[in-house]
Amino acid sequence: MLTKAPRGTKDITPKESYKWNYVENKFREICSLYGYEEIRTPVFEHTELFKRGVGDTTDIVQKEMYSFTDKGDREITLKPEGTAGAVRAFIENKLYSEPRPSKLFYITPCFRYERPQAGRQRQFHQFGVEALGSDLPSIDAEVIALSVQFFKEIGLKDLSVSINSVGCPKCREEYNKKLREYLDKKSEVLCETCIDRKDKNPMRVIDCKNKTCQENLKDIPFMIDNLCDDCKNHFDMLKEYLNEMRINYVVDKTIVRGLDYYKKTAFEIISSDIGAQSTVCGGGRYDGLVYELGGPKDITGVGFALGVERLLLTLENNNIEIENNNSLDIFVVTIGEKANLKSFSIVKSLRDNYIKCDKDHLNRSVKAQFKYSDKLNSKFTVVIGDDEIENNTVVLKNMNTSEQFTISLSNLVDELKSRI
Ligand code: ATP
Ligand code: MG
């Protein structure tokens, strides 16, 4: 028990953590290109925040939250997603009084009590962005462009961007009426969850994975065909901006997103894996959320979140390798006590000069030191013994080409700098 991580969690060991660093750095870099700055919020929040922010009718709130009462009798939940916390922080820290839009990004662990399987864990990680304070479709287009550029830069070329509009309270009310009338006629074939959804949040019926529901709802009316003028205009402008940036997209009427607060734009990025299709990123506009969480009425938002575990799986399935550049520049092999002592100053000056190096710490034989150096994948090795110290010359060996160079020990740093 003590030696096993809880079900649905995973360790990220050095065999993998370099990949995490790579995608995180890339994400930070792309966010910065677009003027987005990092926000870090607590791993736990008041449960009420997610009930309101994510929505009472969602799977997350109904089934998946890690909630508990703390020692002070507070209802606490480990964050199941990043938006609610970011928006809470935006309101609490009055970021809305700064120039708008507020462009934020986050990198965070998330917690959902789900049945673990490939790409589905109980602790997983998300990258996300939120742009708060602009109503215009131009910011929707920017957020989509940012995500597309991120995926392209890390090597995912076969991407497809699907967009949709889920309307606004005004047109959705009309649409929901129409949808309920349609669903009333189908009540015999709907699954229990959908019967429940029909009253609470009928659009989510479209999201049902149940086969019988899917087969019987083929002629279901879609929101996108029932938009009000304002929503239609917003969607048309978004398409125009994406066209202008030459970002390919398809309109997918079935994207509804699970979260209650989405309005107007909803989008997904799908990567065509070898074999399967997988959604690597989902996002959209959430115009009512800031107000719902106690902020000013007029502030709207748009953002996306992507699952890092699934992103890494997608890279793997597409045979996209991430280079591990943690390997050493040089390993210092020593012969004898005197050389071992001397190696401390050598290694120190190499490290002072940002040359990645290492030495033995287990009193290994020379042969074993070479073997160890090989295991560490070091680019160069140098051997230091009594003679080398006396003559101030060493032999530098390039481990890839097996070339050797005799150089003066005092020039080691400069030589390496010119060769790495
Ligand atoms: P799914 O339909 O797969 O459950 P979702 O609609 O619940 O996804 P979102 O709430 O939109 O997902 O979260 C955004 C992203 O987070 C997903 O696209 C996915 O990559 C990732 N994600 C969601 N749940 C998990 C999980 N349990 N484990 C790993 N990644 C997850
Ligand atoms: Mg889910």
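**Stop 1: an arginine in a loop**

Start by selecting arginine 246, which sits in the loop between helix 9 and strand 8 (249-251); helices (H or I, at least four residues) and strands (E, at least two) are DSSP runs, numbered from the N terminus. Check its backbone: arginine 246 is not a glycine, yet its phi is positive, about 55°. Most residues other than glycine have a negative phi, and most peptide bonds are trans.

Before moving on, some housekeeping: this is a predicted model, with local features needing pLDDT of at least 70 and side-chain atom pairs counted only at pLDDT 80 or more, while totals for chains, interfaces and linings use all residues. Residues are numbered from 1 along each chain as its sequence is written, chains are lettered from A and ligands numbered from 1 in the order in which they are written, and side-chain values use heavy atoms, leaving out hydrogens and water.

**Stop 2: a cis peptide**

Now pick proline 101, in the loop between helix 4 (83-92) and strand 5 (102-111). The bond joining arginine 100 to proline 101 is cis, with omega about 0°.

**Stop 3: the domains**

Colour the protein chain by domain: domain 1 is 14-167 + 248-317, domain 2 is 169-227 and domain 3 is 330-419, with bounds from an automatic or database domain assignment. The centres of domain 1 and domain 2, taken over C-alpha atoms, are 25 Å apart. Where they touch (heavy atoms within 4.5 Å), domain 1 supplies 16 residues and domain 2 supplies 15.

How much area is buried between domain 1 and domain 2? About 1,300 Å², with carbon and sulfur atoms giving 59%; buried area is the accessible area (1.4 Å probe) that two parts lose on being put together, summed over both. On the domain 1 side, show Thr57, Lys253 and Val256: they lose the most area to domain 2, together 36% of what that side buries.

**Stop 4: another salt bridge**

The structure holds 27 salt bridges. One to select is lysine 186 with aspartate 219, at 3.8 Å, N to O. Lysine 186 is in the loop between helix 6 (169-184) and helix 7 (192-200), and aspartate 219 is in the loop between helix 8 (211-216) and helix 9 (229-244), 33 residues apart.

**Stop 5: ligand 1**

Finish at ligand 1 and show what surrounds it (a heavy atom within 4 Å): among them Glu114, Arg120, Phe124, Arg257 and Arg310. At glycine 307, a polar backbone atom is 3.3 Å from a ligand 1 oxygen atom.

Note on methods. A polar contact is a pair of N or O atoms within 3.5 Å; within protein, one must be able to donate a hydrogen and the other to accept it, and residues adjacent in sequence count only if both atoms are side-chain atoms. A salt bridge is a side-chain nitrogen of Lys or Arg within 4 Å of a carboxyl oxygen of Asp or Glu.
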